Number of protein chains: 2
Amino acid sequence: MDFYILNNLISKYNSFIVTSHIAPDGDALGSVLALTIALEKLGKKVLPIINDTIPQKFRFLPCSEKVRAFASEKDKAEVMICLDSGDPGRLEFKKDLRDICNFIVNIDHHKSNTMYGDINLVNDSYSSVGEMVYFLLKGLNIPIDIDIATCIYTSIITDTGSLKYSNTTPSCLKVLAELVEIGVKPDFISREVFEKKSLASVMLLKEILGSLKISEDGKIAYMRLTKDMMLKTGAKEEDTDGLINYAREIDGVEVAVLFKEQDNFKIKVGLRSNQWVDVSKIAEQFGGGGHARAAGCTIEGSLEEVEHSILSTVRKYL
Amino acid sequence: MDFYILNNLISKYNSFIVTSHIAPDGDALGSVLALTIALEKLGKKVLPIINDTIPQKFRFLPCSEKVRAFASEKDKAEVMICLDSGDPGRLEFKKDLRDICNFIVNIDHHKSNTMYGDINLVNDSYSSVGEMVYFLLKGLNIPIDIDIATCIYTSIITDTGSLKYSNTTPSCLKVLAELVEIGVKPDFISREVFEKKSLASVMLLKEILGSLKISEDGKIAYMRLTKDMMLKTGAKEEDTDGLINYAREIDGVEVAVLFKEQDNFKIKVGLRSNQWVDVSKIAEQFGGGGHARAAGCTIEGSLEEVEHSILSTVRKYL
């Protein structure tokens, strides 16, 4: 990754918005906070902005209290650094990004990235954008302190599913090793990110498992997450994270699908695969995107209609 | 770790028994197989022995088909290398080890090790014995091929709970990085070791979550596992492993209890705690035992009766 041009930009400008996608996960927050803390250490004015609720479980991240949603008129910066977002729509600024900043830097590891920045550092060989930020800080000679290390560690273990996914590379493992050397406590972060569950999320798991279905050949497992289930259990959006894995982990399953009922007659479709199906291609057919093993899209229609069209498409890839 | 003396021993002798503890986990099997393959590469005669059933999920490990139980008279070797076993009793040979071999090497990372070997390489700073075998092979200049790498990777991720536990060190992360460089597929191994779930076990999870109850103060979470649930889902005994954690991981819960209906009007009670309650004391009151954070007992009575007496005892400890 060539950070030379970014190095110049950071030297030249003084005010930055650092942002990432809505429904923020550990990589979105971890990378935003790591870069925010690092830029502040350089004496820059930094606004970390995410236009969505910050899940409670990420509140242990240093400086997470500084992250807030865009507040229209007053929020401007010379440079906006967009992290982990394949397209500007995922940032949900509801305003042209050019009206908020002079310069857009797009740092991402999604293959499907639309290259919307003035500088585009897009490389899908990185496990996470947190890992990219690590190499960026190394390139910029910014020392990685325990706070930055905690954020980057969270990024990497979130996006690799704590070594579960195929993006677990030698590079990201070496970075994790260095972060533990700096003082990160792996057991502490793992408990915060993966273990602590709300009662509502456990009750939601029970509901969703009640909807589990398996295709005749056992290769597709799919589940529904209805608005009723959310109401009944009192679960929040963040409680739905990772539920799809209960379908993916069933022995013999190659593709798992979660159909999530939205408002306005729309269904959000989550897709996961285990070994050979490139689910990003399926998602792209429906206007979505993602990675080979994890992708998604949003489709108008009833649960039945969307299930039918997605499942018949998935079958073609098996 | 000083491997010099072991280096001499391996040069000098030709026949080896490599063994580990009963109820073998990924570290027991991973370390036994890694060392077996490595010694065979040196032209040594090696008997990998574990005196217990090998769990199906570890059958993906290279050469796992060679591991068998001790067959009395005919199984002898010059050197016995005991891995991951704090005392010789855990190996369950039912015969004095000295009658089977001339020389015992004891390689372990348990602090409580009784130093029963002629050579004792015991060091609790290693994440796993697999990690110790890695450094042993490095010291012996034995190249680590993909089969050995797969075994050691399995050892490390088993004993660190895939980075969940506090023994996740920079050293073991660097070893993992090198093993992935050699060609190990993290997603494949993770799926084999942690993920592959039977459909029956997922359906059992749904059933058991249906029985979840929380005490008024939110500190006790308890669930039932009835014989009906087992029948209805077709789940096996091994499918019940870890189910209690769904109760333990709920935010605010200190003690989790699983009431497992047995034959003969008995209830097996599993107890877990998160931070301060010593559940072994509770189990001991009912004739059971265990550790501070994980204990159990078996009580005669109906589910209702046993729930009542256990829960009222748990309350006294909160």
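Domain bounds, as I use them here, come from an automatic or database domain assignment. I note at the outset that the model is predicted.

**Entry 1: domains of chain A.** I looked up the assignment for chain A and found domain 1 at 4–195 and domain 2 at 199–317. I then took the C-alpha centres of domain 1 and domain 2 of chain A, which lie 27 Å apart. For the contact between them, I recorded ten residues of domain 1 of chain A against seven residues of domain 2 of chain A. On the domain 1 side of this contact, I listed three nonpolar, five polar and two charged residues.

**Entry 2: chain A against chain B.** I next examined the interface, where 35 residues of chain A are in contact with 35 residues of chain B. In chain A, helix 5 (170–182), helix 6 (186–195) and helix 7 (199–209) each contribute at least two residues to the side that touches chain B. I noted that helix 5 of chain A gives the largest share of that side, seven residues. By class, I found 17 nonpolar, eight polar and ten charged residues on the side of chain A that touches chain B.

**Entry 3: T169(A).** I located T169(A) in the loop between helix 4 (146–159) and helix 5 of chain A. I class T169(A) as partly exposed because it has 19 C-beta neighbours inside 10 Å, whereas a buried residue needs 20 or more. Setting aside neighbours within four places in sequence, I found T169(A) in contact with S127(A) and V180(B). I also checked T169(A) against E40(A): they are 129 residues apart along the chain, and their C-alpha atoms are separated by 30 Å.

How values were computed:
Residues numbered from 1 in each chain as written. Chains lettered and ligands numbered in written order. Predicted model: local features only at pLDDT ≥ 70, side-chain atom pairs only at ≥ 80, totals over all residues. Contact = placed C-beta atoms within 7 Å. Nonpolar A, V, L, I, M, F, W, Y, C, P; charged D, E, K, R; others polar. Helix = DSSP H or I, 4+ residues; strand = E, 2+ residues; numbered from the N terminus. Buried ≥ 20, exposed ≤ 12 C-beta atoms within 10 Å, placed from the backbone.
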